[in-house]
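Hi,

Here is the structure you asked for. My notes follow below it.

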Amino acid sequence: MTDTMAPPLRRARMWRRFRRRPMPMTGLVLVIGFILLALVGPLVTGDPAAQDYLATLAPPSAAHPMGTDDLGRDAFARIAHGAQVSLQAGVLSTALAMAVGIPIGLVAGFYRRWLDPIVMRLVDVTLAFPFLVFAVGLAAILGPSLRGVVLALGFSQLPAVIRITRGEVLAIREMDYVAAAVADGAGDGHIIFRYVLPNCASPLIVQATVAIPAAIIGEATLSFLGLGVQPPTPSWGVMLTTAQQYLGDAPWLAIWPGVMIALATLGFNLLGDGLRDVLDPRSGP
Amino acid sequence: MILRIDNLVKHYGPVRAVDGLSLEIGEGEVLGLVGESGSGKSTVGKCVLRLTEPTAGTIELNGRDITHLSRRAMRPLRRDVHMVFQDPYSSLNPRFTIERIVGEPLLRHKLADRRETSRRVAEMLEKVGLRQEMRSRFPHELSGGQRQRVGLARALILEPKLVVADEPVSALDVSVQASVLNLITDLQRDMGFSCLFITHDLSVVEFLADRIAVMYLGKLVESGPTKEIFAQPRHPYTQALLSAAPVADPVTQRERRRIVLGGDVPSPVDPPSGCRFHTRCPLAYDECRTVEPALQDPRGSGHPAACHLVTADRVPDAAATR
Ligand SMILES: Nc1ncnc2c1ncn2[C@@H]1O[C@H](COP(=O)(O)OP(=O)(O)OP(=O)(O)O)[C@@H](O)[C@H]1O
Ligand code: SF4
Ligand SMILES: [Mg+2]
């Protein structure tokens, strides 16, 4: 239903607040650039696996704007395809964590008497579990792959999503508008979906802008360690693994993925800071 | 009787928020429930709406015992009672439009389709003095006074028999308080609902309430017709409250002797023995520390008070000490 969403008026006002500030706008531009690179880049660049033996470890040139790697593959094509892998890892793992974590957090917070102690104990156990051990285990079971990366990263984000949702629910359920809904005779389902969930959306959106870049770094790390995406699939982490052998001869091979990871991460973080301010419905006009 | 509360007890763990309170509200009657912060006023209101589970006692709504009704059984009865909340900022769902907020009770009880709801919302907004263009607004776009009008519209749209108004004006600017208070008065006369009007400020209910009940630490200390409470308060606590309240007439204001209560309100976790007011009462004597005074009405005039010094021919005067 449209009336649970921001009306055009309010959205326009939020956008105006957002647009005035340079940092969030920089973040937005970086994030859009990253998404475009991931979605459109692979269509316009050449085959990331095509090898040019006449130009191995070539510096940037007109033919290869980012140079080539040890097998003569175009670094730009690989960066663009790597962006796709990063975006998938970031978005899918975050979506997974949200899809599982939000319902758990909702019921834990809402039925805090019975369910909350159990859920929070499980969260603590999850937090105590070393992430890398879990990722290695998953890689051993599933074989190193993007799927394993998404599962491992999604799982590692789960406690944060559950905690944030639960914390919001605990605060929101004390609000008088929830009491008013109970006084109207509203049932739990109605209250959870119409009153509680929409009001914890903002911190979860902000959480997504924290989780996605963390997952991008996580994917690169796991792939760098050989636990994630496998060569020849281009991933920024895989590219860094190769690059470290040629730091002297072809430093750009390390610079490009490093810079891309930094920019994408920075973009999401700046965007998240901006959203944090704007999304609070109580904040001024 | 629309509402009959008998010996209501509500403890939050060790906190004895309400500790044996009885009161009644007749049809079309406004009862002002007065007391300092923490005396348990809101808790009484929440128990009446079954927003919190009473620890003991009974609550009858319209002659029906609702104390332990299940949520499902309670649902149809919710048409007859609604609440206006104190905080205009937390009482309206920030994600709903005003139209949705006010129309929600109708939709909940399936009393109207969308078109009919829309019509009734328009009618209700007019009654509470809000312009029609407010319908598509969101709560954060409204002022505190406007929000309280929305809260009133929501509470009244089902034409309930009883409205619990929990300090509906105390969070508002003084300039806005009077207009919202007048609105409530007009609506009450117009629609004739009974009202449990909760306030910490006696002067707020002087012209609105038919009767006043004064609460201290989870118990009633005095109740009676508003005129009598103002003219001849019997309990030393009521006398103190009244002496602190502003009075319209400057002559009375000057002549009045102010009773300043010493100390803070004791904790409801461990209320004082005997008369709960004895730690602050200027008239307290030995017996007060050990024997709890019952709420009694020695003259049978419908004006009971819980103080050892109230007898058939004598009323204590807290201002007369020193
Ligand atoms: N949900 C709760 N859990 C624990 N204690 C509570 C809860 N609600 C109220 N209390 C306590 O019960 C006592 C009475 O609270 P209540 O809100 O009924 O007082 P009040 O008279 O409405 O005061 P105020 O003027 O501050 O609104 C207070 O000591 C309060 O701290
Ligand atoms: S019983 Fe005693 S302490 Fe209590 S109000 Fe009367 S005089 Fe004061
Ligand atoms: Mg209160």
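Helix 1 (residues 41-48) of chain B lies across strand 1, strand 2 and strand 4 (56-61) of chain B. Its angle to strand 1 of chain B is about 115° (axes are lines fitted to C-alpha atoms, for helices over the stretch in contact, that is, with heavy atoms within 4.5 Å; angles run from 0 to 180 degrees between N-to-C directions). Helices (H or I, at least four residues) and strands (E, at least two) are DSSP runs, numbered from the N terminus.

This is a predicted model: local features need pLDDT of at least 70, side-chain atom pairs count only at pLDDT 80 or more, and totals for chains, interfaces and linings use all residues. Residues are numbered from 1 along each chain as its sequence is written, chains are lettered from A and ligands numbered from 1 in the order written, and side-chain values use heavy atoms, without hydrogens or water.

The sheet: 4 strands of chain B form an open, antiparallel sheet in the order 2-1-4-5. Strands pair if DSSP finds at least two bridges between them. Strand 2 (15-25) and strand 5 (64-65) of chain B are the edges. Strand 1 (residues 3-12) and strand 2 of chain B pair over 8 bridges. B:His11 has B:Arg16 as its bridge partner in strand 2 of chain B.

The ligand: a backbone N or O atom of B:Lys41 lies 2.9 Å from an oxygen atom of ligand 1. For a polar side-chain atom of B:Thr43, the distance to an oxygen atom of ligand 1 is 2.5 Å. Helix 1 of chain B gives the most to the shell around ligand 1, with 3 residues.

Best wishes

Methods: A polar contact is a pair of N or O atoms within 3.5 Å; within protein, one must be able to donate a hydrogen and the other to accept it, and residues adjacent in sequence count only if both atoms are side-chain atoms.
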